[in-house]
Amino acid sequence: MTRHLRLPNGVGSLALSLTLCAGCGRSTFTTSGFGEDVVAEAFGEVLTWDSLAQKVPDALGLEDSAAFAERLIDRWMREQVMLAQADAQLKEERTSLNAALEAYRRSLLINTYETRYVESRLDTDVDDHEVLAYYEDHAELFTLHDHAVRVLYMHLPDPESSAIALGAPWTKRDARAWNKEMDQLKEWLTAADSVSIPLLERWCMEHGAVHHVDHEAWWRVAELLDEVPLSLYRVEDQIQRTSPLTFSAEGRVYFLRFLDHGLKGKVAPLDVARDQIEELVLQGRRQRMLDALRDTLFQQAWAEGKLRRENL
C-alpha cells in the first residue's frame, strides 16, 4: 500500500510518499498522522513522524522532501542494525564503554557551560601597554623560525617585451619615458612615507601593476618568495639592504624595497609577535576566569553543605 502524509506548519512542511508492499495486492489511501506515530521500528527502538519531520529541511519541495525522508529512514534503520550487533558482540566491554560514555558526557557538559560562561564575560580588548609588557617579560617565546621582513613591492609586464609581442615598435622615446617612470617609482620607494606610498599605490592601480604597499605588514621570507622571485644567496645581508631593488623575470619587471627585518633565530619584532601575544593574553584571562569560577562554586558548595568527605 502507499501512505501519503503531509505534516502541517509548525511540525515542518514535509510531504512523504511511502510505498509498502503487503501480500499480493496494492492499495492507496491518504491519512494524516503526527507526533508520536511510528514511521519505523528496529530492535525495539522507534522512529516517530515528529522526530523525522524535524530533520527534513522546510525549504525542500514535495518530491525532494520525500526522497530526503526516505534516506533518513534508511540510515536510521541501518544504524539500529549496527548498534544491535555492536551491543550483542561487546557485552563484556559494556561496563568500560558505559564508563567512557559517562566521562564524555560529564566533560561535554562542563566544557559547554565553562565556554559559555567565559564567552559572555571575557574582555577581548588587549591594549598596547599589555602587549608590550607581555613581549618584554616573555621574549623567549617569540624566536623567529624564518627571516621576517617588512617590504613594499610591485610588478607588471615588461613594457618593452609587451610592445614587441604585440608587433609594436619600441623606440628610444619609449625607452626614455619608461626610464623616467622607473626613476619615479624608485624615488617613491626610497621615500616610503605618507606622501609617496599613496602616490605609488595610485600609479600601480592606474597601470594594472600587482602591488603590496602596506608598510606595516610583516612577511616570512619564504612567503615573500612565493610572490616575488628573488634570487637570495646571502639572505641576511640582502634583507638588511634598504635601497630599492629592480629586476626582470619571466617577462615582468619587479620593484622591491625592504623596510625592516628580523633575523631567523632572533627575537621577533613586536609587530610580528603581536597577534600571538594578544591570543596568549586572552588565554591567560580565560584561565584566570575559569579558576575563579571553579573556586567560587567549590567554596559555595562547601558553605551550603552540599559536599562531604572523610579524612584519609
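Good morning. I begin with Phe 43, which lies in the loop connecting β4 (38-42) to β5 (45-48). The structure before us is a predicted model. Most residues other than glycine have a negative phi. Phe 43, although not a glycine, has a positive phi of about 50°. Is this residue buried or exposed? With a relative accessible area of 61%, Phe 43 counts as exposed, because the threshold for that class is over 50%.

Glu 250 is not a glycine either, and its phi is positive, at about 50°. Glu 250 sits in the loop between β9 (245-249) and β10 (252-262). Its relative accessibility is 78%, so Glu 250 is classed as exposed.

Let us stay with these two strands. β9 and β10 run antiparallel and are joined by five bridges. One of the residues involved is Ala 249, whose bridge partner in β10 is Arg 252. The hairpin has two residues between its strands, and Glu 250, with its positive phi near 50°, belongs to this hairpin.

I turn now to the aromatic residues. How many aromatic pairs does the structure hold? There are six. Among them is the pair of Tyr 113 and Tyr 117, which is tilted, with 6.1 Å from centre to centre and 45° between the planes. These two tyrosines are four residues apart in helix α3 (residues 94-119), and therefore about one helical turn separates them. Tyr 113 is partly exposed, with a relative accessibility of 44%. Phe 247 and Tyr 254 form a stacked pair, because their ring centres are 5.0 Å apart and their planes meet at 5°. Tyr 254 is buried, at a relative accessible area of 6%.

In soluble globular proteins, nonpolar side chains tend to be buried together. Here the largest nonpolar core comprises 18 residues, and Met 154, Leu 200, Trp 203 and Phe 255 have the most contacts inside it. At least two residues of this core come from each of β6 (148-157), α6 (172-191), α7 (196-206) and β10. Which element gives the most to this core? That element is α6, with five residues.

Leu 200 illustrates the contacts. Leaving aside residues up to four places away in sequence, Leu 200 touches Met 154, Leu 185, Trp 188, Leu 189 and Val 213. There is also a second, separate core of 15 residues, including Trp 219, Val 221, Leu 245 and Leu 263.

Thank you for your attention.

Technical notes:
Residues numbered from 1 in each chain as written. Predicted model: local features only at pLDDT ≥ 70, side-chain atom pairs only at ≥ 80, totals over all residues. Heavy atoms only, no water. Buried < 20%, exposed > 50% of the residue type's maximum accessible area, 1.4 Å probe, protein only. Phe/Tyr/Trp six-rings, centres within 6.5 Å; stacked < 30°, edge-to-face > 60°. Pairing = 2+ DSSP bridges. Core = buried A, V, L, I, M, F, W, Y, C linked by side-chain atoms within 4.5 Å. Contact = heavy atoms within 4.5 Å.
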